[in-house]
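These are my notebook entries on a chain that I had not examined before. I record what I looked up, entry by entry.

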Amino acid sequence: MCLGPSKKKITNKKDWFIKPVSSIKNLIENSYILDRRRIKKKLKSARFKNFEVRLAKNFKDIDAAQNLRYRVFYEELKAKPTIKNILYEKDFDELDPFCDHLLVIDHNKKPSRESIVGTYRLIRRSMTQVHGKFYTEGEFNINKVLKSKGEILELGRSCVHKNYRDKPIIKLLWKAISAYMEHYKIKVLFGCASFPGTNYKKYKQQLSYLYHYHLAEKTILPTALPPNNINLNYCQKKDLDVYKIFKTLPPLLKGYLRIGAKVSNGAFIDKQFNTIDICIVLKSNALKERYANLHKIKKKDSKIIFLKKFLKKK
């Protein structure tokens, strides 16, 4: 759920980028950073047929994204909602006001609240100077990622409406993320991908495959935090049917691996969301190499054109 911007005049806006929020009262009284109407003046959008991909411009956009997340995570995937989640029919947390929310909108779908059919939540390092942490830090030790030089980006709360998963929504989201990374000079991208359910025993082969073939290098290796952490290495490498196992991986995790992402040492059992979470890490240069290989024909032109459509130059 999002808080609206306060009418109170801000005396020292620079303090927001230095001091973390200490209380809800402080947040409401100094909500300059939350006003998307001021922050997002430089943003544009890109269109593909009846679909538009852009960042949220205001709190109405964010509320609609939170409602889509509620329908996917709680109604469809059976996460355990709080009373507030049920009351507002939204998936929200304290990080939402400080993030960029990437949206895919179907302009053929009415009303406008229902037209958002895909979303991703983006958190840059500079945004955590306001709130104080990344979401992933609640499940994984990412100190090595945090020590990386340059800007880093956390991806989270990814979801697509169930009626649109065979349409080009994911491709649109990833083209926009690529443009976003280029614009903000992102060096490392990370976040969580999940297996449904909390019974890790039925995923022993999949978890072992991740451990043997996709473990992140030691310099940026995240580790799952106790007490909800589990190991990944349950089977020997020689006993794994790589092709067969890869086909059984969750679509989001499969997509991350295809673009060169690596995984954490250990997984985290998220009881609220009824998932087994894997932390993924991807260096931007690895993404660029994979992107170029996947789009050899028009790799240069298509990327530049989309970037210009999505974000104005600073």
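**Entry 1: K49.** I began in the loop between β1 (46–48) and β2 (51–55), where K49 lies. Helices (H or I, at least four residues) and strands (E, at least two) are taken here as DSSP runs, numbered from the N terminus. K49 is not a glycine, yet I found a positive phi of about 55° for it. Is K49 buried or exposed? With a relative accessible area of 68%, K49 is exposed. I use buried for under 20% relative accessible area, exposed for over 50%, and partly exposed for values in between (1.4 Å probe, protein chains only).

**Entry 2: the model.** I noted that this is a predicted model, in which local features need pLDDT of at least 70 and side-chain atom pairs count only at pLDDT 80 or more, while totals for chains, interfaces and linings use all residues. Residues are numbered from 1 along each chain as its sequence is written, and side-chain values use heavy atoms, with hydrogens and water left out. The pLDDT is the predictor's confidence in each residue, from 0 to 100. Its mean over the chain is 81, and 77% of the residues reach 70 or more. Over residues 1–42 the pLDDT stays under 50, and the model has 76 contacts beyond four places in sequence for them. Residues 297–302 also have pLDDT below 50, with 3 contacts in the model beyond near neighbours in sequence. A contact means heavy atoms within 4.5 Å.

**Entry 3: the whole chain.** I counted 12 helices and 12 strands in the chain. Of its 314 residues, 49% are buried. I then took the contacts between residues at least 6 apart in sequence, and 75% of them join residues at least 24 apart. The accessible surface comes to about 16800 Å², and carbon and sulfur atoms account for 52% of that. Such areas come from the Shrake-Rupley method with a 1.4 Å probe; for residues, only the protein chains shown count as cover.

**Entry 4: helix α3.** Next I examined α3, which covers residues 59–76. How far apart are its end C-alpha atoms? They are 24 Å apart, which agrees with the 26 Å that its 18 residues should span at 1.5 Å a residue. The expected span is 1.5 Å times one less than the number of residues. Because 14 of the 18 residues are buried, α3 is largely enclosed by the rest of the structure. After α3 comes K78, which has a positive phi near 65°.

Entry 5: I located T119 in strand β4 (residues 116–124). T119 counts as buried because its relative accessibility is 1%. A polar atom of its side chain lies 3.0 Å from the backbone oxygen of L102. Not counting residues up to four places away in sequence, T119 touches several residues, including A65, L68, R69 and R157. I followed R157 to strand β6 (residues 151–160). R157 is not a glycine, but its phi is positive, near 50°. At 11% relative accessibility, R157 also counts as buried.

**Entry 6: β6 and β7.** I found 5 bridges joining β6 to β7, and the two strands run parallel. Two strands pair if DSSP finds at least two bridges between them. E154 stands opposite F190 in β7. Strand β7 (residues 186–196) is mostly covered, with 8 of its 11 residues buried.

Entry 7: P227 belongs to the loop between β8 (223–224) and β9. Strand β9 (residues 229–230) runs antiparallel to β11, and 2 bridges join them. Which residue of β11 is the bridge partner of N229? The partner is F268. F268 also stands opposite D277 in β12. β11 and β12 (residues 275–283) pair in the antiparallel sense over 3 bridges. Their hairpin has 4 residues between the strands, and N274 there takes a positive phi near 55°. From β11 (residues 267–270), A267 and I269 point one way and F268 and D270 the other, and all are buried.

How values were computed. Polar contact = N/O pair within 3.5 Å; in protein donor to acceptor, adjacent residues only side chain to side chain.
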